[in-house]
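Subject: Structure for you to look at

Hello,

Here is the structure I said I would pass on.

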Amino acid sequence: MESQACLILENGRVFEGKSFGAAGEVTGEVVFTTAMTGYLETLTDPSYYGQIVVQTFPLIGNYGVIPADFESRAPHMRAYIVRDWCQEPSNFRCEGDLDAFLKSRGIPGLYGIDTRALTRVVREHGVMNGRIACRPDVTRDTLEEIRRYRVTGAVAAVSAGQDSNACWGDGDGPHVVLWDFGAKGNIGRELVRRGCRVTAVPYRTTAEEIEALKPDGLMLSNGPGDPAENPGIIAELKKLGERRLPTFGICLGHQLLALSQGARTIKMKYGNRGANQPAREIKTGRVYITSQNHGYAVDADTLPDTARESWVNANDGTCEGVVYLDRPAFSVQFHPEAAAGPQDTAFLFDRFVEYMNRNRNGGNIHAAE
């Protein structure tokens with residue numbers, strides 16, 4: 001029997017619908033993603049930690065649950081909202097349906113609401129907190145509780161929890177240390193495809209511990225939360241920057257790298273989330289369609305003289321990439337590994353491998369080349 005449920009926004013607006021997935025009430029930061037495919041990758045993207053995710057595409061779950069497509073071991077979002085979910089998925093790789101998956105992972109779901117109207121509210125008013133509740137009871141105390149919610153301790157919650165380092169890939173290419181702040185699985189897979197040996201280390205790893213692994217390059221992963229709330233990582237990253245190790249940052253890694261060099265980050269009104277975000281490479285003027293998932297951006301006006309903005313969002317003008325002029329380091333706000341999304345910018349992994357190889361061979365290179 002279907003159960004009634006609702007979403008209560010911190011501004012008092014209520015969207016009534018029906019419950020699926022795990023039972024229970026939960027509060028989180030309400031965000032929307034415009035991706036038309038890849039709901040499994042969305043569900044298992046650690047960058048959604050602490051958030052209630054709204055899918056703007058109206059029908060979700062039509063190819064069921066396929067564990068091989070997961071980007072991490074488990075979902076980290078607070079709840080999941082869709083217009084309709086497919087109760088009879090069809091795909092030869094399917095191993096279950098969305099409702100059962102959410103139940104098994106303790107994630108409440110809400111469906112049957114006007115997700116288009118909800119998205120317009122978030123777009124116009126900005127990201128706000130919300131609560132999945134059984135009854136649409138809106139009281140002053142309830143709204144105050146919802147408003148007090150904050151996403152905290154995000155990186156620590158999703159980063160590799162083990163003290164020992166995880167390794168994969170047996171190629172004879174460069175050795176890459178993947179600093180895991182909540183890494184999507186396809187980042188490591190893209191490196192392995194290019195012959196790299198990858199060692200993933202958790203967020204608490206120090207600069208000295210990374211140096212002891214003798215890497216040829218450093219990959220800074222994506223992850224959730226406010227980048228400025230990670231002063232320990234930023235301090236260790238600043239130390240590593242002085243060693244001039246070839247470095248590639250993605251999403252949160254892009255922001256942390258900029259912060260380590262004295263730049264600042266800002267919280268966006270509602271962020272960019274989806275697989276259809278246009279990013280323009282300043283050097284060539286070419287626009288690429290990219291996959292993105294972030295609510296913060298680097299303030300390009302605060303970059304040091306040793307850095308230059310290299311990519312810009314074609315919609316809102318926010319910083320999408322930085323190159324560093326005094327070291328072989330560069331970063332992008334979008335996801336070149338996609339999963340899901342377009343593969344148009346996967347060449348950035350090739351660029352990173354090229355820098356590492358040239359550095360191994362004694363070449364003098366910086367990312368602005």
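What percentage of the 369 residues of the protein chain count as buried? The share is 57%, where buried means under 20% relative accessible area, exposed over 50% and partly exposed in between, with a 1.4 Å probe and protein chains only.

Two notes on the source. This is a predicted model, in which local features need pLDDT of at least 70 and side-chain atom pairs count only at pLDDT 80 or more, while totals for chains, interfaces and linings use all residues. Residues are numbered from 1 along each chain as its sequence is written, and side-chain values use heavy atoms, with hydrogens and water left out.

The protein chain has ten helices and 19 strands; these are DSSP runs numbered from the N terminus, with helices (H or I) of at least four residues and strands (E) of at least two. Its C-alpha atoms fill a box of roughly 65 × 45 × 40 Å along the principal axes.

Ser331 is buried, with a relative accessible area of 0%. Its side chain makes a polar contact with the side chain of His254 at 2.7 Å. A polar contact is a pair of N or O atoms within 3.5 Å; within protein, one must be able to donate a hydrogen and the other to accept it, and residues adjacent in sequence count only if both atoms are side-chain atoms. Leaving aside neighbours within four places in sequence, Ser331 is in contact (heavy atoms within 4.5 Å) with residues including Gly249, Leu257 and Tyr324.

Regards
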